[in-house]
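Thanks for coming, everyone. Please look at the structure on the screen, and I will walk you through it.

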Amino acid sequence: MARRGSETNGYFELEYRDGFAWLTVYPPEGQGHPVYYEDVRNRMRLLDCPKVSYESLMAVIDEAAGEPRKLVEWPDGARLASSIRAEITADLMSAAVFVTHPKKGAAPPRVEDITTELERVGVTFGIDSGRIRRVLEQQDYDRWITVAEGRE
């Protein structure tokens, strides 16, 4: 995002999430420049994102709603996403997760992504959602973190 005095250029985020490419376009402020089609298209090429029609892409750019819009199915984008692993301790009294840092072009993991993985391995009680939120906010990736504890 470029600022010049009271002017702010528009900017965009192109991210992989849940099998799709999502585009969020933020409008300029003051006399700032809008987001240009060529910039979005170049980022799509760089990330090897499937093509989207000019009209569809321009509709999202022109709207500049600051909200994610689903663009196109992008199964190969999964290579950019964080991986999430959950494991339960041998005594079955706690569980930890290991979340890898998302690559450029992938949306960051969400609390529900981690709780879904915990549920997949059988953890349904004692999940500390606040701890999970802090891990994600602080981008505390690439290490095991205890996020659920049981009661004896």
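Serine 6 sits in the loop between strand 1 (3–4) and strand 2 (7–8). Helices here are DSSP runs of H or I with at least four residues, strands are runs of E with at least two, and both are numbered from the N terminus. This is a predicted model, where local features need pLDDT of at least 70, side-chain atom pairs count only at pLDDT 80 or more, and totals for chains, interfaces and linings use all residues. Residues are numbered from 1 along each chain as its sequence is written, and side-chain values use heavy atoms, with hydrogens and water left out.

Back to serine 6. Is serine 6 buried or exposed? At 65% relative accessibility, serine 6 counts as exposed. The cut-offs are under 20% relative accessible area for buried, over 50% for exposed, and partly exposed in between, with a 1.4 Å probe and protein chains only. Leaving aside neighbours within four places in sequence, serine 6 contacts Glu29 and Gly30. Contact means heavy atoms within 4.5 Å. Glutamine 31 is 25 residues from serine 6 in sequence, and their C-alpha atoms are 8.2 Å apart.

Now the core. A nonpolar core is a set of buried Ala, Val, Leu, Ile, Met, Phe, Trp, Tyr and Cys residues joined through side-chain atoms within 4.5 Å. In soluble globular proteins, nonpolar side chains tend to be buried together. Which residues of the largest nonpolar core touch the most other members? Leu23 and Leu71 do, out of 23 residues. Two or more residues each come from strand 3 (11–17), strand 4 (20–26), helix 1 (37–46), helix 2 (54–63) and strand 5 (69–73). Helix 2 gives the largest share of this core, four residues. Take leucine 71. Beyond four places in sequence, leucine 71 contacts Leu14, Ala21, Leu23, Met44, Val52, Leu57 and Val60. Another core lies apart from that one, with 16 residues, among them Ala86, Val99, Val123 and Ala148.

Next, alanine 86. Alanine 86 is in strand 6 (residues 84–88). At 10% relative accessibility, alanine 86 counts as buried. Leaving aside neighbours within four places, its contacts are Ala96, Val97, Glu117, Leu118, Val121 and Trp144. Aspartate 140 is 54 residues from alanine 86 along the chain, with 15 Å between the C-alpha atoms.

One of those contacts deserves a stop: glutamate 117. Glutamate 117 lies in helix 3. Glutamate 117 is buried, with a relative accessible area of 13%. Not counting residues up to four places away, glutamate 117 touches Ile84, Arg85 and Ala86.

On to aromatics. How many aromatic pairs does a search of the whole structure find? Four. In the pair of phenylalanine 98 and tryptophan 144, the ring centres are 5.5 Å apart and the planes stand at 55°, so the pair is tilted. Phenylalanine 98 is in strand 7 (residues 94–99) and tryptophan 144 in strand 8 (residues 144–149), so the pair links distant parts of the chain, 46 residues apart. For the cut-offs, rings of Phe, Tyr and Trp (its six-membered ring) pair if their centres lie within 6.5 Å; planes under 30 degrees apart are stacked, over 60 edge-to-face, and the rest tilted. Tryptophan 144 counts as partly exposed, at 36% relative accessibility.

Lysine 70 lies over the face of phenylalanine 20, 4.2 Å from the ring centre. The test is NZ of Lys or CZ of Arg within 6 Å of the ring centre and within 35 degrees of the ring normal.

Arginine 17 is next. Arginine 17 is found in strand 3. Arginine 17 is buried, with a relative accessible area of 18%. Not counting residues up to four places away, arginine 17 touches Trp22, Ala107, Pro108, Arg110 and Asp113.

Last, two backbone points. Leucine 92 has a positive phi of about 60° although it is not a glycine. Leucine 92 lies in the loop between strand 6 and strand 7. Leucine 92 is exposed, with a relative accessible area of 65%. Glutamine 139 also has a positive phi, near 50°, and is a residue other than glycine. Glutamine 139 is in the loop between helix 4 (129–137) and strand 8.
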